[in-house]
Protein chains: 4
Amino acid sequence: METKVYGKPMYVAGRWVEKEAVIEVKNPQDGSFIAHVPAATENDVLMTIKEAESGAKTAASMPVHVRMAVLHKAADYIEKHRDTFATTIALEGSKTIREANGEVTRCIQTLRLSAEEARRIKGETIPFDQTESGENRIGYYTKFPIGLIAAITPFNDPLNLVAHKVGPAIASGNAIIVKPATATPLSALLLAEAFDNAGLPPKVLSVITGNGRIIGDLLVSHPAIRMVSFTGGLETGEEIAKKAGLKKLSMELGSNSPVIVMKDADMNEAVECTVAGAFSAAGQNCLGVQRIYIEQEVFEQFTTQFVQRTRQYNVGDKLSASTDMGPLISEKEAIRVESWVQEAVLEGAELLVGGVRTGAFYSPTVLVNVPMHCTIAQQEIFGPVVLLYPVNRLEMAIELANNVNYGLQAGIFTANIENAFKAIQGLEVGGILINDSSDFRIDGMPFGGVKGSGLGREGVKFAIEEMTETKVVSFKLGSLKG
Amino acid sequence: METKVYGKPMYVAGRWVEKEAVIEVKNPQDGSFIAHVPAATENDVLMTIKEAESGAKTAASMPVHVRMAVLHKAADYIEKHRDTFATTIALEGSKTIREANGEVTRCIQTLRLSAEEARRIKGETIPFDQTESGENRIGYYTKFPIGLIAAITPFNDPLNLVAHKVGPAIASGNAIIVKPATATPLSALLLAEAFDNAGLPPKVLSVITGNGRIIGDLLVSHPAIRMVSFTGGLETGEEIAKKAGLKKLSMELGSNSPVIVMKDADMNEAVECTVAGAFSAAGQNCLGVQRIYIEQEVFEQFTTQFVQRTRQYNVGDKLSASTDMGPLISEKEAIRVESWVQEAVLEGAELLVGGVRTGAFYSPTVLVNVPMHCTIAQQEIFGPVVLLYPVNRLEMAIELANNVNYGLQAGIFTANIENAFKAIQGLEVGGILINDSSDFRIDGMPFGGVKGSGLGREGVKFAIEEMTETKVVSFKLGSLKG
Amino acid sequence: METKVYGKPMYVAGRWVEKEAVIEVKNPQDGSFIAHVPAATENDVLMTIKEAESGAKTAASMPVHVRMAVLHKAADYIEKHRDTFATTIALEGSKTIREANGEVTRCIQTLRLSAEEARRIKGETIPFDQTESGENRIGYYTKFPIGLIAAITPFNDPLNLVAHKVGPAIASGNAIIVKPATATPLSALLLAEAFDNAGLPPKVLSVITGNGRIIGDLLVSHPAIRMVSFTGGLETGEEIAKKAGLKKLSMELGSNSPVIVMKDADMNEAVECTVAGAFSAAGQNCLGVQRIYIEQEVFEQFTTQFVQRTRQYNVGDKLSASTDMGPLISEKEAIRVESWVQEAVLEGAELLVGGVRTGAFYSPTVLVNVPMHCTIAQQEIFGPVVLLYPVNRLEMAIELANNVNYGLQAGIFTANIENAFKAIQGLEVGGILINDSSDFRIDGMPFGGVKGSGLGREGVKFAIEEMTETKVVSFKLGSLKG
Amino acid sequence: METKVYGKPMYVAGRWVEKEAVIEVKNPQDGSFIAHVPAATENDVLMTIKEAESGAKTAASMPVHVRMAVLHKAADYIEKHRDTFATTIALEGSKTIREANGEVTRCIQTLRLSAEEARRIKGETIPFDQTESGENRIGYYTKFPIGLIAAITPFNDPLNLVAHKVGPAIASGNAIIVKPATATPLSALLLAEAFDNAGLPPKVLSVITGNGRIIGDLLVSHPAIRMVSFTGGLETGEEIAKKAGLKKLSMELGSNSPVIVMKDADMNEAVECTVAGAFSAAGQNCLGVQRIYIEQEVFEQFTTQFVQRTRQYNVGDKLSASTDMGPLISEKEAIRVESWVQEAVLEGAELLVGGVRTGAFYSPTVLVNVPMHCTIAQQEIFGPVVLLYPVNRLEMAIELANNVNYGLQAGIFTANIENAFKAIQGLEVGGILINDSSDFRIDGMPFGGVKGSGLGREGVKFAIEEMTETKVVSFKLGSLKG
């Protein structure tokens, strides 16, 4: 009897490279083998960087219309192979096929947006004669590519979060080396395939797979890398910051996003949005709703409806169109989530629904009375668990919402103008959604957090700003004197 | 017995010019003589234009830091002579001394803002290689002065509305000829004095006085004038538009601004703001509240409070610090207002308070039940009269508010988010103030209306946009070919 | 024997409408009949406006992603039927098939750019607390559609110059009524077909054909029209300005563009570019090179090369791929060009090459020694005629270049920085091309002129700015006080 | 007998604090004592941070007009005490009194620019309906203060480089703690005095003095500090980057700026500008000219003129108005410069002029034939030494100019357009000055470098961008649905 082993090579500077040492990619749902990918060595990384350095020159000299054409062609390729992309996301990751399809749509959008932004990378003219010393000068500043970028990407949006780094990098004339999450390299490799087919010059893009510790450390600390764009956990983010040295850092880290529900809110809408916001992608979403602060008068009503709606959540096979929620990315992760919930319960929290683990699956879970000092009340759960708290006043909700080391996005449900603006002014976050869950995002808006949630902003135009340097040009002229 | 006659010369291309033929400036409060100013002839206008054409070249070649210095020095001069400026406004116009003082403060701000914006007149670099045909080109666009501007200004803000044209014109390197309102030329001439003292090169600014029909027509139709910036009535605006021909037009015309009061609003705040908004400057304010649509449930309460507050309004001597409201700009105008009110009453309107004319004074007046076809329900009253209407729903209020040929600014008082944004979306105006009267404005915001309320926007930065032309520059280079 | 008559209906508010009265469209090359189109009556225009008023509401309420989808689909349609579009342009207009193909490519680009700009129509937040009176306010300004636009378009780019008005109008949520040039309505109707197929809601776009005097006058003076966007001659532009009244005007008028050639220039490049710039589209291009000022030392060399290159110009059948230049738009026009050349020759000009008319064809013509007072030295020739002048110094070239009532674009050929910036500063035009002919343009750059060359700017983003109004929003808040 | 010791307290959160332990500030010219300043302890730093955390809240809640007033008042204070400021700079630093006066003027400008930019901190509205998922949402993003900033500033511009951090910090609503250079704390403390007098609320600004190792390390690594703004050497910059962790970094580091002189350049102008650029502030200027690449044909001529001009340089007493150049900041530094020059000479370099050290003074020095591997050819000399190299072609000059680990600004002298743009495209720097020395700067332009020269940009507006975070606001509305 034979087993056909499927191996996917990695993409190094325009070549598809296999290695003897490999890493297995498994379906978290049942542990079944999907494919293996190369385990790159330190030497592989160094060679990739060397090639990418020359790729950066190629990238910078691509006329904008060529960059645009490549990005649109890559998007066309994904559109044409949409099913392959969606299935791969759903297989290797923990998204359901419905969620995976949504991600493919957004990835296409991200690449097209990148193409559009490519021709809008602009500087401004400078009126130098605003000071006496600047008379007789005419000039401007422009934006030019930063050079070589290292991208380290997470498992939870294994395609679109890669596109959010690769798209802007190519649009702005940079070379980029991607190290995708060890658990989900296949979607990133598919993206490389799309660019390969789109005619991207070799060496501009590489996707290298393998052990994060080895690859990641080398990438982030190498002097040829001018910028590290990382999406992932706070702890790793802090380590990278220390290792990177004098580099531009873009850090999209985690959060435990709060949502506030005022008594004047549309309760059905609030419940519907926050349930979805808490459990989509099995809660493995940096924007996912983790803490809900509900005005006392409606706490019971909201809680009842919320639990009821949670019970209807359909957990099961990721590839089934009727599934609402799949497994976590690994059993290990499910066990961690379980343990955080158990810690909270031991400390006095009350479990209203959920709390059941089956392998990598963890049922949608609602907690109340969670003490502030519990891990789950402070850290990012990154699982399908949500904490409900009653509050007396909006001011108190805002204070509690701020009382953590994260600040990505937040939501508030209210009909009242003053409430809305109090939240807008008071919440220490990068985005505030009025009458929306914290996980609303469009790919063209600035995206990122404050405090432990990160540094810099993504969202194509904003990522491009981070990926470019400013160059001032001044012409001193005799001819303007007279 | 002798009478000492005070004559103020006009400011032509850096010279203070007297003429035998003069126009008398009188205090509308009592008809007392203040000063006479020259009555410029057609020939004067033509000569002024000729000089200003060369002034436009001078203006364009002033380095930005020199423009800034002149604007700041003019502002300093006004600060130093603040009392003279305020008293002049209060004497020749219909503002109280308190209102006049406020206008002086804003004028200083307008000039300083103009200085600041002077160094922020910027173009953008253009990525020409966004198309194949544009490869090997580098360039940008900049903004350069439009040339010679004619400004025609109204009596109601005789200083600051002139500054809103002169400040941006000088900041952006243009020459400008001002024809101030016949009733209030002295404030504009004082502004010229400030610039004269500030070292503005001659010929950049002229303020010519005289008969509007003669001066205005010649100015707006003369081919050397590249832009007409007019603030005044709709009818005159339309005439100018037809006469001007191929010129840039900036038209700040009138309005009969609506305010909506919803039952969930803070009623005291709504009354306080709308009373002030209706009667400030004796209602002679293009932003003044003319129509208030009040939700049925609170109509009686609002009306009672509004009338009560109106009765407290102190009408009297403009120069007294305790006066809330002075006369209209002329007895003729007061008679016109009186006749519009009488027409409405004859058609069925009910007069709740006011309706009394004494010379140029007209008491603060509140009407209800004014039929839609009345002049006062359609046209701009430009006097201290306000119309209150009950409405059943917000949608109806919006429809009624839109049902005129004006659209400058509007207000709505409400605590509710959905109401606020319905108004923002639905009201056909240039500015919407939530929980404010329609007459809120800061000098740095874009200002102007739609429909019969005008064309283009003022507010220093926005006026400068209108006063400048775009110039594209492209360098085709062999050296970029590779 | 029968003749099959081909009739193309006009596009009124989503319906394809035929009329009994028709206008014949003929091939200017041989006068052969191509098709007839309806001759709209005044009543047709009024009904079209009425429908378009409701179309404006529809347009404004289309979500941006729907506008984008429609624009991209229309571009797709044109790409798919590229040959039909190109042949139509070449048949009804005076472009060669090669030039027509280029125009189709640019039209597609214009529509895609419009789609891209649709999602970039942005306002800015306003820091109201920059003055004491603005404390406790939060707000912003946005751009909203101006409403209903009338577009009057010329024959020389019968597709892309229509797209430059229709694309931005739809992108920014406006309705638009197009009156195409009487000679070339078919390309505009094809564009309507593209939008019809793309699912544009009815009433947003109309293309009405017929007598310009009737349709045009009614359109530009009708009060429901908020903006007139005209591309055409100066004289008509001035008439429109007077008739339009209080409307936003966008005027892209003509020019007689100058190019300066300095002795340090690359002479081959200069000749190649200016010959193409003078004779493309048979000189019927508002950007076409009409006057060349050549530094004395190289005047003879340049002239010799220029004439030599002109002689190689292949004039002939528009539909042949090897043709460089076709006929003028009509024999009448060719006769006018001929008469202007004859006038110049009578006044002392010397004809170096060309000057031969055959029906609507006029051979590429080079003149020297043309006295300044000749019509052809002052007015826009809009035909394949170019005037060469020697100059002693750059300053003289600039002065002569400026000495007309036009100012669209200009070119200068030089290797020297000081020369380049002297030209940039000194030439009174909307665009300066260093080492390029005056007729360089990409569809995304700001485009338009000064003096008699127009008002406002096109180029998708810039057209959208003209087609939108600014709306200020301010929330006054109690909650910010504390 | 008594000695009167002059002690200047440090400025901690609004209080002027003395400490027993002090650091002496000496005049580098003669080692004479100027004053002592406190040597802050770790505990002092921690307490300052604690106060500044609450200061950050105060700063953020200051209305913009109050921030502006404070900044203008501080500028007024400096204008009024201009002599004290200039003398202090000249005494404690190594600038001549003429240079010091120039710095005071620029500092005033920097603060006024900061005030102006305060009211221009703007976000943009976001068209959320650009995707289907964003329909029915209205919103925008704004910029809010990052919080608490630590600034570490250098000795060479002891006033204005502090103002470049303090001004933007206050303008954008942040609190800031400044650690000035140990050698030159007095100018920074004078700036604190200006703000103290201007009514800046306590705790918003602190200037703490003492040992850099202790204070600096604590500041940059403390978690309450959200941003480190450092101007200084590359080595220290790299250390800070590693210690800071997850913080925004603004790094203005050193350079060894290149200037290219082509044979077509104006030789007198080139010599005059580069001599000044090399020796101003005794070469202690991050923008100072260190390497000049001269086209072979003019190398001898340029060198001769350069040496001749250098010999005329007047080195002497800083406080004398006729002095061109004073001492280095310390004898230790002068010895370092001396040793780098000696190393080069030992390796084969030729000394054309200079090379003489007297205490902290080092004479203006010109070297040729310096081998590439010498320290002085690679590192930043930060002293009055310049290296001249002949080159065959521009391309070679660009390659050599790029061949170091710095990239701040660069100059090129040429009359030729192609040369200029080759340099603009090819030089890896943050600013390129055509026909200017590398040290041209105006305070309002973006300023900063690539490679080892730094991260981020200063120049008031650009510093503010770095000092603010983006916050997205979205209102989901039912009312837009219908």
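User: Before anything else, what counts as the expected span of a helix?

Analyst: The expected span is 1.5 Å times one less than the number of residues in the helix. In this predicted model, helix α6 of chain A, residues 185-197, has 13 residues. From first C-alpha to last, α6(A) reaches 19 Å, close to the expected 18 Å.

User: How many residues of α6(A) are buried?

Analyst: Of its 13 residues, 10 are buried, so α6(A) is largely enclosed by the rest of the structure.

User: Changing topic: what pLDDT does chain A average?

Analyst: The average for chain A is 96, and 98% of the residues score at least 70. For the complex, the predictor gives an ipTM of 0.97 and a pTM of 0.97.

User: Now chain C. At what angle do the axes of α2 and α4 cross?

Analyst: The axes of α2(C), residues 64-80, and α4(C), residues 97-118, cross at roughly 170° and come within 8 Å. Angles over 145 degrees count as roughly antiparallel, and α2(C) is therefore roughly antiparallel to α4(C).

User: Which residues meet there, and of what class?

Analyst: On the α2(C) side, they include C:Met68, C:Leu71 and C:Ile78. Those of α4(C) include C:Val104, C:Ile108 and C:Leu111. By class, the contact has 12 nonpolar, two polar and three charged residues.

Note on methods. Residues numbered from 1 in each chain as written. Chains lettered and ligands numbered in written order. Predicted model: local features only at pLDDT ≥ 70, side-chain atom pairs only at ≥ 80, totals over all residues. Heavy atoms only, no water. Helix = DSSP H or I, 4+ residues; strand = E, 2+ residues; numbered from the N terminus. Buried < 20%, exposed > 50% of the residue type's maximum accessible area, 1.4 Å probe, protein only. pLDDT = per-residue confidence, 0-100. Axes fitted to C-alpha atoms, helices over the stretch in contact; angles between N-to-C directions. Parallel < 35°, antiparallel > 145°, perpendicular 65-115°, else oblique. Contact = heavy atoms within 4.5 Å. Nonpolar A, V, L, I, M, F, W, Y, C, P; charged D, E, K, R; others polar.
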